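Please look over the sequence and the model below before reading on. The paragraphs after it lead through a few of its features.

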Amino acid sequence: MSEGAVETILFYAIAAMSLFFAIATVTARRLLRAAVALMFVLVLSAGFYVMLAAEFLAGVQVLVYVGGIVVVIVFVIMLTSSVDLLEERPPLLRKALGALAAIGFFGTTAAVYLTTDFGAAADAAPPAESARAIGAALLDYGPHGYVVPFEVISLLLLAALVGGIAVARRSPPPSQPLTSGGDLPGEVSFTPPKRQNDPEGGASHA
Amino acid sequence: MCMLPELIVVATALTVLVADLFLSERRRVVLALLTLVGLAAALAALLAAPAGSLFGGRFSVDEVAIWFKVVFLLASFLTVCLSLDQLDGRVKVRVRGIGLRGEYYAVLLSTLVGAMFLVSARDLVTLYVSLELATIPLFALAAWKRSDAGSQEAGLKYVVMGALASAFLLYGFSLLFGLAGSTDLAAIAAAVRPSPALFLALALVTTGIGFKLTLVPFHMWAGDVYEGAPLPVIAYLSVASKAVGLAVMFQIFYRVLGHMVKDLGPLLAFLAAATMTLGNTVAIVQRSIKRFMAFSAISQAGYIVMGFLGPDAGGVPAMLFYMLAYVAANMAVFGVIIFYANATGRERIEEYRGLARTNPLLALAMMLALFSLAGIPPLSGFVGKFFLFSIASKAGFHWLVAVAAVNSTISLYYYLRIVRQMYIEPVYPEAARLPVTPTLAATVAVTTVASLVLGLVPVFYEVIHNQTIEWLAKLVG
Amino acid sequence: MSVFSPAAVIAAPQVFEVKTLASRAATALPGSLLESALYVLLAVVWIVALLALTGLALIYLERKIAGHFQCRLGPMRVGPHGIFQTVADTIKLLVKEDFVPDGADKVLHVVAPFLALTATILLLVILPLSPILQAADMNIGVVYVTAISGFGVMGILLGGWSSNNKWSMIGAMRAGAQIISYEISATLALLVVVLFAGTLRLSGIVQSQADGWWIWRAHGVGVVAFVIYVIASTAEINRTPFDIPEGESELAAGFHTEYSGIRFAFFFLAEFINMFLVAGFAATFFWGGWMPFHVGGLDGFNSVMDLVPAGAWFAAKTSALVFLVMWFRWTFPRLRVDQMMRLEWKILLPVGFVNLFAAALVVLYGLYFFPGT
């Protein structure tokens with residue numbers, strides 16, 4: 001029993017299922033079913049990672065995409081639509097154009113991949129213990145390290161978080177009735193009803 | 001310590017965010033001042049610090065990077081100057097739902113940091129992540145008018161299109177990595193050879209960049225986003241965000257493909273021609289000043305891309321100079337637009353009638369800035385365009401120069417539409433002199449003078465040229 | 001095969017060779033396909049048996065314990081002290097009409113309970129009950145544990161949504177919000193243990209406690225992490241005081257309101273096995289799992305402790321924790337939604353971060369017991 005055969009069978013099985021769910025994602029008329037199909041696509045991608053001996057990446061893939069992103073997508077769908085709601089069928093012209101674009105792109109990429117030798121990247125050996133290697137590379141500040149993008153990502157997450165909350169925040173919090181809570185632009189035009197002990201009128205600073 | 005400017009900006013962003021927490025609503029006006037001080041300090045640190053590299057070459061600052069960062073910092077500084085009146089409420093006509101000043105400045109500074117890291121990146125991962133940092137916070141900023149459906153729509157459209165562009169870019173990057181087996185830009189440059197896969201990668205990357213730079217046909221988001229987003233954010237989008245796209249394009253086209261950039265000339269020339277033509281023709285029929293500026297900005301992107309056509313590295317200083325001139329002129333125009341919107345809430349082109357009677361100086365500034373955008377001789381826009389056109393013509397793209405010249409003429413027509421409204425059309429019957437806040441007046445004055453001086457005094461271009469050209473000669477062999 | 005030979009342990013103190021069923025199957029594969037397949041079959045049978053028996057036992061225990069907490073006797077009729085009550089209930093559930101409400105999304109309604117149960121089974125696979133009683137072991141164990149929890153949420157969310165019933169949906173939304181929030185704290189607590197053990201592999205984490213369980217060996221940070229983990233994972237499995245997703249006084253039965261028959265049984269079983277899993281993982285990470293009570297350096301004492309089989313240690317620790325979780329249920333009142341969110345985001349999460357940071361310092365400077373070994 002050769003190990004290669006098992007891996008090959010496994011690969012094609014995962015690939016076929018992945019394709020099936022990917023098509024289901026874009027053709028499902030119920031949004032939530034599309035999200036569930038998407039979840040399976042993402043899980044199966046984790047399967048590919050496992051086959052490439054990148055177990056840690058596979059774990060993180062499931063953790064982030066299924067446990068995080070798909071759950072958020074499902075939340076959004078649950079908050080905005082109902083079970084009975086069906087996506088409208090696109091008109092035939094749009095379908096045809098979409099299919100044409102997809103097939104064209106697929107044909108191009110497939111042709112390119114078949115004629116290209118990705119030698120340099122394929123030869124790179126996966127590290128023995130991927131979690132440790134990834135951790136070390138992320139914090140390595142030498143010429144092969146990724147500490148700059150690591151820190152940039154932390155800043156990105158912070159900015160996205162602050163921006164997201166700022167956009168999502170609707171009304172002033174009940175504990176701060178006297179401030180505008182950010183909803184009104186400021187102190188010149190906005191005078192709180194009860195404030196008396198401020199004779200300067202905010203002119204003392206800046 | 002060549003990372004000092006970035007660190008100062010990060011520190012400012014965090015300080016603003018935390019200070020916002022401890023300040024009462026009335027005291028939060030100091031946040032803008034804090035931001036401006038931080039930006040000025042970063043600019044000083046940038047000009048004082050020598051070029052160099054950190055982390056074994058993973059972060060490195062060279063002459064081109066410094067000039068890009070100057071553009072980013074100036075654009076952000078001016079954006080903050082234009083924002084603070086609206087955010088602090090020193091306006092006649094209040095913009096609904098805009099607020100949360102601390103968060104606004106912090107998020108704005110974050111995008112700036114992303115842009116600054118981006119030009120110093122020397123590997124694909126940092127490049128991509130910094131580009132995301134420069135882009136994603138802008139989605140939130142576009143939707144910042146929270147009770148305004150138009151702003152929400154702008155944010156949503158920007159997110160969707162931005163995510164799509166990001167996916168294309170990442171796909172292209174992954175192909176580049178696959179071809180070279182390394183994320184290092186220099187290593188990729190050494191490894192790649194012209195091949196179908198490289199061209200596919202390039203097409204995908206160009207798509208992604210085209211979104212940032214609003215190249216036709218990847219410009220669709222611009223009109224709607226500019227229409228809905230808050231005005232200062234549009235000013236930033238049209239200038240800094242465009243410079244970010246230019247920086248990514250520079251990183252990929254010069255650092256990675258330096259030895260074959262001239263083979264891509266026809267493709268880029270086509271993109272440039274399509275972009276400026278579409279931008280200009282569509283701008284003619286716009287009635288909202290915001291959409292008008294969106295298409296004006298698209299056409300400007302078309303001119304800038306011409307700089308990549310150069311047979312040698314001469315295009316880079318020309319692009320940088322044009323970018324500086326564009327920052328000055330565009331910010332001056334936005335200064336007046338924001339002033340007018342703050343004072344009257346009017347945002348349509350025909351509503352600018354009679355501005356020259358009520359506020360002659362501002363109208364003059366607007367006129368000069370618009371002429372600079374159109375490329376009228378003594379102004380900096382003309383000088384910048386002259387250099388860009390000469391690059392294209394040196395590279396043999398005479399047809400493109402002709403197209404660009406025709407386009408400049410068209411643009412003059414539609415820029416004159418505004419001038420006509422301001423100077424010739426009768427003033428509103430009840431119109432009186434509109435008050436101008438000191439910051440806005442100063443901003444408009446400085447940017448207008450800058451767009452004059454940049455064109456009249458050749459020393460600026462010479463400095464940029466001399467500093468960058470020697471250094472670039474190494475990249476383009 | 002559940003008998004763990006004490007003689008072997010005494011012969012080689014503190015060295016436990018972990019042989020999972022999966023690894024046995026893999027070693028046997030080159031020699032005999034049949035042997036390998038048998039091991040896989042054994043693993044499957046083991047998981048199914050564990051699932052069924054633990055489920056039966058826990059449901060019975062819950063009712064008995066509930067009874068005694070409330071000065072009642074609990075089930076008494078079916079069999080001596082009612083021990084066959086759960087069997088009877090199971091048979092009743094299985095023969096009940098399996099009902100899909102009109103207007104529901106039928107496919108998802110059917111799929112959801114399977115998803116929930118699949119997540120539970122996938123976690124059972126990796127739970128180390130003893131050095132030989134573990135179906136599979138992987139080098140990303142902790143990440144796997146955290147990642148699989150996501151599936152469970154999906155089962156609950158889909159079940160609630162596809163029922164097309166507002167109580168179900170509100171319950172599902174609450175469950176989703178609660179689980180993804182508390183997952184963060186639970187993961188932060190686990191990371192503390194990962195820092196100390198230096199590995200993500202579950203058997204490795206157990207073996208790293210050969211000189212003492214992390215809850216005491218890691219000084220204060222171990223205790224804090226343990227407390228955070230127990231609270232957060234109690235919330236993750238929707239047990240009282242965090243049972244607002246199915247709070248019967250306000251939401252009928254929450255996300256499984258519209259479920260009946262065998263698919264209700266799946267949700268129900270998944271819920272009880274999850275309690276067992278939480279207790280088992282808490283024991284594994286903080287109380288040494290199957291590792292006997294050892295104190296580094298006291299070889300004689302450790303050998304005496306090794307006389308008790310590893311599986312018994314695990315069973316004892318897990319039972320204690322299961323009892324603790326059941327005790328919570330009959331002691332604490334239910335939290336409101338906002339109180340629950342405040343507890344997570346304003347208390348547990350900051351404490352968890354500070355604790356993780358402190359743990360990193362403790363590990364860095366070797367401030368815990370027996371750092372050399």
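The model is a predicted one, and a place to begin is where its chains touch: 43 residues of chain A are in contact with 56 residues of chain B. On the side of chain A that touches chain B, the helices α4 (92-115), α5 (119-122) and α7 (147-168) each supply at least two residues, and α7(A) gives the most, with 14 residues. Sorted by class, the residues on this side of chain A comprise 25 nonpolar, 15 polar and 3 charged.

Within chain A, helix α3 (residues 55-80) can be checked for its length: its 26 residues, at 1.5 Å a residue, should span 38 Å, and because its end C-alpha atoms are 36 Å apart, the two values agree. This helix, α3(A), bends by about 30° at A:Tyr65.

Two packed helices are described by the angle between their axes and the distance between the axes. In chain B, helix α3 (residues 63-88) and helix α4 (residues 101-120) pack at an angle of about 170°, with their axes 9 Å apart; angles over 145 degrees count as roughly antiparallel, and therefore α3(B) is roughly antiparallel to α4(B). The residues that make this contact include B:Phe68, B:Phe72 and B:Leu87 from α3(B), and B:Tyr104, B:Leu108 and B:Met116 from α4(B). By class, the contact of α3(B) with α4(B) has 12 nonpolar, 3 polar and 2 charged residues, B:Lys69 of α3(B) and B:Arg101 of α4(B) being among those that take part in the contact.

Definitions and conventions. Residues numbered from 1 in each chain as written. Chains lettered and ligands numbered in written order. Predicted model: local features only at pLDDT ≥ 70, side-chain atom pairs only at ≥ 80, totals over all residues. Axes fitted to C-alpha atoms, helices over the stretch in contact; angles between N-to-C directions. Helix = DSSP H or I, 4+ residues; strand = E, 2+ residues; numbered from the N terminus. Parallel < 35°, antiparallel > 145°, perpendicular 65-115°, else oblique. Contact = placed C-beta atoms within 7 Å. Nonpolar A, V, L, I, M, F, W, Y, C, P; charged D, E, K, R; others polar. Expected span 1.5 Å × (residues − 1). Bend = angle between axes of the 7 residues up to and from the residue.
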